[in-house]
Structures are given as structure tokens and as C-alpha cells.
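Biologist: I'd like a close look at a single residue here. Could you walk me through its surroundings, and then zoom out to the whole chain?

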Amino acid sequence: GDLSTITGVRTQGHSMVIIRLLTQLLRHHQNDELERLAARHVELLTVKYFNPEFGIVNEYLDHDYNRIGSFEDQMFTGHSIETSWMLMDEALRLGDRQLFELAVSRFRRYLEMSWDYVYGGLGSGDFFVEGTDSRLQGTDYGVKTMWLQCEAMLGCLMVMEYTGAPWAA
């Protein structure tokens with residue numbers, strides 16, 4: 001598929017940045033409008049972008065937050081892992097145990113999906129659930145950006161601190 005032909009594409013990355021900023025702002029400044037905006041982006045990140053058919057977060061949706069046919073099986077590994085710990089942080093701010101556990105569960109799944117079991121580290125690129133002649137199934141382990149390894153460590157530290165789960169170590 002070609003995203004350039006779709007008007008108004010929405011990306012998980014935009015909601016990820018918004019929720020991170022709002023979580024930090026709302027820890028220091030109470031504001032009902034910002035709370036509503038944060039709740040909206042939590043809903044987008046946990047429901048709209050999440051594709052239950054594949055158990056992944058789609059990076060791209062159309063303008064109305066519907067799936068884009070040729071991108072239904074695609075996840076951008078880095079943003080999905082990064083967004084998960086940011087949702088954990090928002091859950092901690094809200095005292096929302098259910099949201100925290102959901103974010104932890106998805107975080108672990110994305111780590112396991114993108115971990116290079118041969119050489120270690122996380123593949124950083126696009127993850128495709130279904131392979132085709134023109135794309136790899138899974139992720140490209142030849143791309144291992146440092147920022148993603150750091151985001152994963154951050155999430156693991158949060159999981160260790162708040163749950164003590166041995167897998168996070």
C-alpha cells in the first residue's frame with residue numbers, strides 16, 4: 001500500500017507524543033480540558049490503534065481512525081513499545097490499575113515479538129504479521145536503533161518497580 005494516496009492519515013506516534021506531554025503537564029497542573037484530551041488519547045492508543053485481530057497496534061489509521069487495508073498487519077515496533085510505557089506512566093498518574101496491567105501486557109508482547117533471539121536486542125523497524133514477496137514477516141533485525149533499546153529498558157524498569165515481574169529483569 002501507499003500512504004501518500006490517503007488523505008489525513010493518523011499515526012500512533014502523534015497520540016504517543018500527546019499522551020506523554022499531557023501526563024507530565026497534568027502531574028503539575030490540574031486542568032479539566034487537558035484531562036479530557038488525555039482520556040481521548042488513551043482511548044485512541046488502547047482501542048482505536050490496537051488491532052485485536054493481530055494483537056498489535058497499527059501505526060497508521062485513516063482520518064476517521066479506521067484501519068487502512070494494506071496496513072492492517074503492520075506495527076511500528078519502536079512506537080508500540082514506547083507508547084506502552086507511556087501508557088503505564090499515565091495509568092500510574094491516574095491510579096488506574098486496569099490500564100497499567102493492559103499496558104504491561106501489551107509491552108511484554110511487543111518485546112517478545114521484536115526480540116532478536118539469535119543476537120539479542122530489539123528490531124526497530126516495521127513489523128509485519130503477514131509476510132509477502134515484497135516484505136519480511138516479522139521485523140528487520142538488521143535495524144536496531146539505540147533509542148528503542150532505551151525505551152524498552154525504561155519500560156522494563158517500570159514493570160520491575162511496580163510489579164516485580166521477573167521477566168522484566
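Modeller: Let's start with Gln12, which is buried, its relative accessible area being 1% (buried means under 20%, exposed over 50% and partly exposed in between, with a 1.4 Å probe and protein chains only). Keep in mind that this is a predicted model, where local features need pLDDT of at least 70 and side-chain atom pairs count only at pLDDT 80 or more, while totals for chains, interfaces and linings use all residues. Residues are numbered from 1 along each chain as its sequence is written, and side-chain values use heavy atoms, leaving out hydrogens and water.

Gln12 sits in helix H1, which covers residues 12–26 (helices are DSSP runs of H or I with at least four residues, strands are runs of E with at least two, and numbering goes from the N terminus). So who surrounds it? Setting aside neighbours within four places in sequence, Gln12 is in contact with Leu45, Tyr49, Val57, Asn58, Glu59, Phe76, His79, Ser80 and Thr83 (contact means heavy atoms within 4.5 Å). With Glu59 there is also a polar contact, side chain to side chain, at 2.8 Å (that is a pair of N or O atoms within 3.5 Å; within protein, one must be able to donate a hydrogen and the other to accept it, and residues adjacent in sequence count only if both atoms are side-chain atoms).

Now zoom out. The protein has five helices and six strands, and along the sequence they follow the pattern β-α-α-β-β-β-β-α-α-β-α. Of its 169 residues, 46% count as buried, and Gln12 is buried too. The C-alpha atoms fill a box of roughly 50 × 40 × 25 Å, taken along the principal axes.
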